[in-house]
Amino acid sequence: MENSIRVGVSNLLIEVLQEGKNLINDFDELLAQAEVLEVSTMSIAAPYDSDTLKAIKLAEERGLIETILVGDKTRIREAAAEVGYKLNKAEVINIADDSEAALEAVRQVHIGNAAFVMKGLISSATILKAVLHQDFGLRTGQLLSYVAALDIPKSDRLLFMTDPAINIKPSLEEKVDIVQNSISMAHALGVKNPKVAALAAIEIENEKMPATLDAAALAKMNAEGKITGGIVDGPLAFDNAVSLKAKKRKGIKSEVAGRADIFLVPYIEVGNVLYKALTYYADTKIAGIVMGARTPVAMSSRADDHVNKLTSIALGKVVANY
Ligand code: COD
């Protein structure tokens, strides 16, 4: 089994080198990459839903992780039984209160028992507050931001979106950190010089549309070397970011237009709607993690299915190992 994975990955590497492709182009390749890494320990707060438990069961069966489950033991047992997950291998820490369970799951990483943490059936704000905890959190002084990896059937490679989940209405300064965090994640997945589209509704600056001003400022900062590791351009409307035809028709001169890897959304609602529209109407699989903390935090929407959650675990593992 292990040998066949290694052969699969070396074939993939040869293909990448021959075709100039990215190392990881979809979620199957992401899972394969996570599988060749040594098993990691993941702590999880409030794993009470069948999709989360199913994802953990599959991740353990595939040798991705060992797990520390933190939450109400009775609820964990019930959810585990629903998906036929036997709890004999995993460690269970019995804490009924959601905020305390979140803090304990994060503390397990803080004290070195786990390599990364995952959010279960609790709100994003609850796990983020634990990550930001002064004594037991995972603060680095950097801004925390969320990066989603998108496996879209119509795309030939993985794409990324940021920040649909944490920073509500980021300032220009915060957007610099959000872009830099997303570039780091793209690097961890083997995208060498990712192209970042700072999204707006149009491709020219307009004082009445603040997103266009921030996008232009970010592109300028990138040109001046203040944002590094990727190419940033904007403002770009979504069609200009993804379609070479739209780029050509509108006469846009940009290295990013038509071929963006990362979409920077101007504020949380844009990202949240895009995330859910892609999930519900474009058969997109989405995995996501919080960047900017000492280790990644695997975080998907509570309503996401087990495939998205399994891939978020794989993503957390790959980034934690990077
Ligand atoms: N990165 C780093 N530090 C931060 C961040 C951040 N993104 N946000 C706050 N902090 C630090 C502050 O500097 C301060 O020291 C401390 O944390 C508390 O700051 P507050 O009082 O502004 O923050 P909180 O605790 O009220 O909220 C922080 C959240 C990240 C929880 C908040 O931004 C939030 O609720 N975001 C939206 C999450 C959400 O509901 N998403 C829904 C879509 S899935």
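1. The area buried between domain 1 and domain 2 is about 1300 Å², and carbon and sulfur atoms give 71% of that. Buried area here is the accessible area (1.4 Å probe) that two parts lose on being put together, summed over both. The structure is a predicted model, in which local features need pLDDT of at least 70, side-chain atom pairs count only at pLDDT 80 or more, and totals for chains, interfaces and linings use all residues. Residues are numbered from 1 along each chain as its sequence is written, and side-chain values use heavy atoms, with hydrogens and water left out.

2. Domain 1 covers 37-139 + 302-322, and domain 2 covers 141-292; these bounds come from an automatic or database domain assignment. Taken over C-alpha atoms, the centres of the two domains are 28 Å apart. Across the boundary, 15 residues of domain 1 are in contact with 18 residues of domain 2, where contact means heavy atoms within 4.5 Å.

3. The ligand is surrounded by 14 residues, each with a heavy atom within 4 Å of the ligand. The closest are Arg139, Leu144, Ala165, Ile166 and Asn167. Helix 6 (residues 124-131) gives the largest share, four residues. Helices (H or I, at least four residues) and strands (E, at least two) are DSSP runs, numbered from the N terminus.

4. By class, the shell holds eight nonpolar, four polar and two charged residues. Ala, Val, Leu, Ile, Met, Phe, Trp, Tyr, Cys and Pro count as nonpolar, Asp, Glu, Lys and Arg as charged, and the others, Gly among them, as polar.

5. For asparagine 167, an N or O atom of the side chain is 3.2 Å from a ligand nitrogen atom. The ligand taken alone exposes 870 Å², of which the protein buries 54% (Shrake-Rupley method, 1.4 Å probe).

6. Some backbone geometry deserves a check. Most residues other than glycine have a negative phi, and most peptide bonds are trans. Threonine 162 and aspartate 163 are joined by a cis peptide bond with omega about -5°; aspartate 163 sits in the loop between strand 6 (159-162) and helix 7 (172-188). Glycine 234 to proline 235 is also cis, with omega near 0°, and proline 235 belongs to strand 8 (residues 231-236).

How values were computed. Polar contact = N/O pair within 3.5 Å; in protein donor to acceptor, adjacent residues only side chain to side chain.
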